[in-house]
Amino acid sequence: MKYAFPYNFWWGSASSALQTEGTREGETTWDYWFAREPNRFHNGVGPQHTSTFYQHWKTDIQLLKQLNHNSFRTSISWARLIPDGIGEVNPDAVDFYNQVIDELNEQGITPFITLFHFDMPMAMQEIGGWENRDVVDAYARYAQICFELFGDRVLHWFTFNEPIVPVEGGYLYDFHYPNVVDFRRAATVAYHTVLAHAKAVQAYRAGHYAGEIGIVLNLTPSYPRSQNPADVKAAHIADLMFNRSFLDPVLRGEYPADLVALLKSYNHLPACKPEDGFLIAEGKIDLLGVNYYQPRRVKCRDSAVNPQAPFMPEWFFDSYEMPGRKMNPYRGWEIYEPGIYDILVNLRDNYGNPRCFISENGMGVENEQRFIENGQINDRYRIEFISEHLAWLHKGISEGCNCLGYHMWTFIDNWSWCNAYKNRYGFIQLDLETQQRTIKKSGEWFAATALNNCFDKE
């Protein structure tokens, strides 16, 4: 069967500043944490060991061209542009980002630029990070500076990438700095992130720039174990906390009433100011990026909550491992292709069918050298992964979902937060010793798909 996509469909991939660029002038939370606890990072490999995009941006953009990308998402590093978060702008950073943006446009690759992709300047974290409203204002200033510097050539902006992840990792589940376990502080961080987003949108609108502004959310559909009311309620609460806590403010301009009521009943609402509601209402976006990797399957709790334990989302549900599920054993994630369709249908039916695109989807695999044939990684599993997801994406589009593109994570194997290079995600293999880049079979397949705007599948 042939799967043809709409005219001007965005074919591309995604990356981030911290995971690709290498050493920067301003220290981030990752640099600080790695210097103190390298044991928390896979094989002791920290964020200075990246895919050297800062040195190789020009040839890397040529590779994007070779893969027939018509669009590419990366981020600006706040710590590179404004090393202390609030002071002088670093002219070297301005030169670097200008060159990258100009070269992408020159090559016919539309730049999609994210303002914050997990890389908080350490100077900002030292005054409380997103817990401090002063950091919200500092971020709004940083966003405004980016729009003024680059807004004439960047037409697609994103305030945050996966804003729920720093909340989960830094303030609930101990996999990002500052390694806090405290729901009230987590809720404050999430709330202030929404305020920061809204302030950036406000600044963008005020500047009357030619493009559009959005946000990238990792949407993880919550599936109940069964239709038993207790399981359905558990899935609903998981959805409120992990999806709708950001989705509703950015698309509807307000929080879900039942999430507010739930947190209020447990006395875990963040501190709000009267004017916040007006600001959040002004943060409605033009374009939603959707990162989809895996579903969330939940059931009602089978055991009582320990009243002495910290208040956590898991007070309301347990995770559920569905028998017979398909797995990516290297990442420990379920592969469930129809989830991408379910997300689009939910957006169509419950959120007014916003303009959206798949901003990340991908499969990390360990020790891909096993699959080298004639000097090239034959990653058939990745081609199958992408084509199966694209088939479900195609179904959503054919049923009226307003999805405008598909970006894969990622184009060159890159450093991955605490996992370093354990799992490889790229269309292009990176040799860490030589920094040599070699296109994988999936890269060739994607280049052909993007060129033809379609692919064939049995």
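Predicted model: local features only at pLDDT ≥ 70, side-chain atom pairs only at ≥ 80, totals over all residues.
Me: Before we start, what should I know about the numbering and the model?
Reply: Residues are numbered from 1 along each chain as its sequence is written.

Me: What makes Asp-60 and Arg-437 a salt bridge?
Reply: The term asks for a side-chain nitrogen of Lys or Arg within 4 Å of a carboxyl oxygen of Asp or Glu. Here the N to O distance is 2.8 Å, so the pair qualifies. The two residues are 377 residues apart, with Asp-60 in helix H3 (residues 53–66) and Arg-437 in strand S20 (residues 437–439). Helices (H or I, at least four residues) and strands (E, at least two) are DSSP runs, numbered from the N terminus. A search of the whole structure finds 33 salt bridges.

Me: Why does the pair Glu-368 and Arg-382 tie together parts of the chain?
Reply: Their closest N and O atoms are 2.8 Å apart, which gives a salt bridge. Glu-368 sits in the loop between strand S14 (365–366) and strand S15 (372–373), and Arg-382 in helix H14 (residues 380–398), so the bridge ties together parts 14 residues apart in sequence. Both residues also belong to a network of salt bridges that links Glu-368, Asp-379, Arg-382, Asp-413, Arg-424 and Lys-440.

Me: Why is Glu-368 called buried?
Reply: Buried means under 20% relative accessible area, exposed over 50%, and partly exposed in between (1.4 Å probe, protein chains only). Glu-368 has 1%, so the label is buried. Arg-382, at 0%, therefore counts as buried too.

Me: How do you know whether Arg-380 and Glu-373 are buried, partly exposed or exposed?
Reply: Set each value against those cut-offs. Arg-380 has 53%, so Arg-380 is exposed. Glu-373 has 38% and therefore counts as partly exposed. These two form a salt bridge as well, with the closest N and O atoms 3.9 Å apart.

Me: What does UniProt say about Glu-360?
Reply: The unreviewed UniProt entry places the feature "active site" there. UniProt positions are given in the numbering used here, feature names are shortened, and annotations may be inferred rather than shown by experiment. In the model, Glu-360 is found in strand S13 (residues 356–360). Its relative accessible area is 3%, so Glu-360 is buried. Leaving aside neighbours within four places in sequence, its contacts (heavy atoms within 4.5 Å) include Arg-73, His-117, Asn-161, Glu-162 and Trp-409.

Me: Why are H3 and H5 called roughly parallel?
Reply: Angles under 35 degrees count as roughly parallel, over 145 as roughly antiparallel, 65 to 115 as roughly perpendicular and the rest as oblique. H3 and helix H5 (residues 91–106) pack at about 5 degrees, with their axes 10 Å apart. That makes the helices roughly parallel. The axes are lines fitted to C-alpha atoms, for helices over the stretch in contact, and angles run from 0 to 180 degrees between N-to-C directions. Among the residues making the contact are Phe-53, Tyr-54 and Trp-57 of H3 and Phe-96, Gln-99 and Val-100 of H5.

Me: Why is Thr-20 counted as buried?
Reply: Its relative accessibility is 4%, so Thr-20 counts as buried. Thr-20 is in helix H1 (residues 17–20), and its side chain reaches the backbone oxygen of Ser-16 at 2.8 Å.

Note on methods:
Heavy atoms only, no water. Polar contact = N/O pair within 3.5 Å; in protein donor to acceptor, adjacent residues only side chain to side chain.
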